[in-house]
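Good morning, everyone, and thank you for making the time. Please have the sequence and the model in view while I talk.

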Amino acid sequence: MIEDPELFRLFKAESEEHLANLDDGLLRLEKLPADPALLEEVFRESHSLKGAARMLGLTRIEAAAHQMESIFNAARKGEAPLTPKTMAQMNAALVDLRGRVQEALAD
């Protein structure tokens with residue numbers, strides 16, 4: 001729960017932007033799963049969302065964003081390529097993450 005109205009407003013705007021960018025990034029990754037710039041972009045989006053959630057004590061969002069960040073990090077380092085199965089899991093993870101954000105903003 002975010003009690004400070006200004007922090008609430010900032011997190012709402014920031015999280016909406018990060019989620020939209022992640023959604024767009026996942027769509028583009030389906031066509032270019034090994035694109036280094038794109039992998040860096042989605043990694044940074046998930047990392048930033050994780051940091052914002054951590055700062056506000058939103059541990060459920062932080063954990064979900066961290067899971068996505070870890071997968072993007074492995075892909076960008078060449079340790080684990082993004083397969084169609086992984087992409088399907090990432091899309092499901094984004095739906096879950098979006099739900100966690102909506103829940104936090106509704107409380």
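This is a predicted model: local features need pLDDT of at least 70, side-chain atom pairs count only at pLDDT 80 or more; totals for chains, interfaces and linings use all residues.

Helix 1 and helix 4 pack with their axes 11 Å apart and at an angle of about 170°, which means that helix 1 is roughly antiparallel to helix 4.

Let me turn to the next partner. Helix 1 and helix 2 have axes 9 Å apart and pack at an angle of about 155°, and since angles over 145 degrees count as roughly antiparallel, helix 1 is described as roughly antiparallel to helix 2. The crossing in which helix 1 passes helix 2 is left-handed. From helix 1, the residues in this contact include Phe 11, Glu 14, Ser 15, His 18, Leu 22, Gly 25 and Arg 28, while those from helix 2 include Leu 38, Val 42, Glu 45, Ser 48, Leu 49 and Ala 52. By class, the contact of helix 1 with helix 2 holds 10 nonpolar residues, 6 polar ones and 5 charged ones.

The axes of helix 1, which spans residues 5–31, and helix 3, which spans residues 59–76, come within 14 Å and cross at roughly 30°, and that makes helix 1 roughly parallel to helix 3. Here too the crossing is left-handed, with helix 1 passing helix 3. The contact is formed by Phe 11, Leu 22, Leu 26 and Leu 29 on helix 1, together with Ile 61, Met 68 and Phe 72 on helix 3. What classes do the residues of the contact of helix 1 with helix 3 divide into? There are 7 nonpolar residues, with no polar and no charged ones.

The largest nonpolar core has 29 residues, and the ones with the most contacts inside it are Phe 11, Leu 26, Leu 29, Leu 58, Ile 61, Phe 72 and Leu 97. At least two residues of this core come from each of helix 1, helix 2 (36–55), helix 3 and helix 4 (84–106). If we set aside neighbours within four places in sequence, Leu 97 is in contact with Leu 19, Leu 22, Leu 49, Ile 61, Ala 64, Ala 65 and Met 68.

Is Ser 15 buried or exposed? Its relative accessibility is 0%, so Ser 15 counts as buried. Ser 15 is found in helix 1, and, not counting residues up to four places away in sequence, it touches Leu 49, Val 101 and Leu 105. Ser 15 and Lys 50 lie 35 residues apart along the chain, and their C-alpha atoms are separated by 9.6 Å.

Phe 43, whose place is in helix 2, also counts as buried, at 6% relative accessibility. Apart from its neighbours within four places in sequence, Phe 43 is in contact with Glu 69, Phe 72, Asn 73 and Arg 76. Phe 43 and Ala 74 are 31 residues apart in sequence and 9.7 Å apart in space, taken C-alpha to C-alpha.

Ala 74 itself lies in helix 3 and is buried, with a relative accessible area of 17%; the cut-off for that word is under 20%. Leaving out residues up to four places away in sequence, Ala 74 touches Glu 79 and Ala 80. Ala 74 and Met 55 are 19 residues apart in sequence, and in space they are 24 Å apart, C-alpha to C-alpha.

Finally, Asp 96 is found in helix 4 and, at 35% relative accessibility, counts as partly exposed. Asp 96 and Thr 86, which are 10 residues apart in sequence, are 15 Å apart in space, C-alpha to C-alpha.

Technical notes
Residues are numbered from 1 along each chain as its sequence is written. Side-chain values use heavy atoms; hydrogens and water are left out. Axes are lines fitted to C-alpha atoms, for helices over the stretch in contact, and angles run from 0 to 180 degrees between N-to-C directions. Helices (H or I, at least four residues) and strands (E, at least two) are DSSP runs, numbered from the N terminus. Angles under 35 degrees count as roughly parallel, over 145 as roughly antiparallel, 65 to 115 as roughly perpendicular and the rest as oblique. A crossing is left-handed if the near helix is turned anticlockwise from the far one by less than a right angle, and right-handed if clockwise. Contact means heavy atoms within 4.5 Å. Ala, Val, Leu, Ile, Met, Phe, Trp, Tyr, Cys and Pro count as nonpolar, Asp, Glu, Lys and Arg as charged, and the others, Gly among them, as polar. A nonpolar core is a set of buried Ala, Val, Leu, Ile, Met, Phe, Trp, Tyr and Cys residues joined through side-chain atoms within 4.5 Å. Buried means under 20% relative accessible area, exposed over 50%, partly exposed in between (1.4 Å probe, protein chains only).
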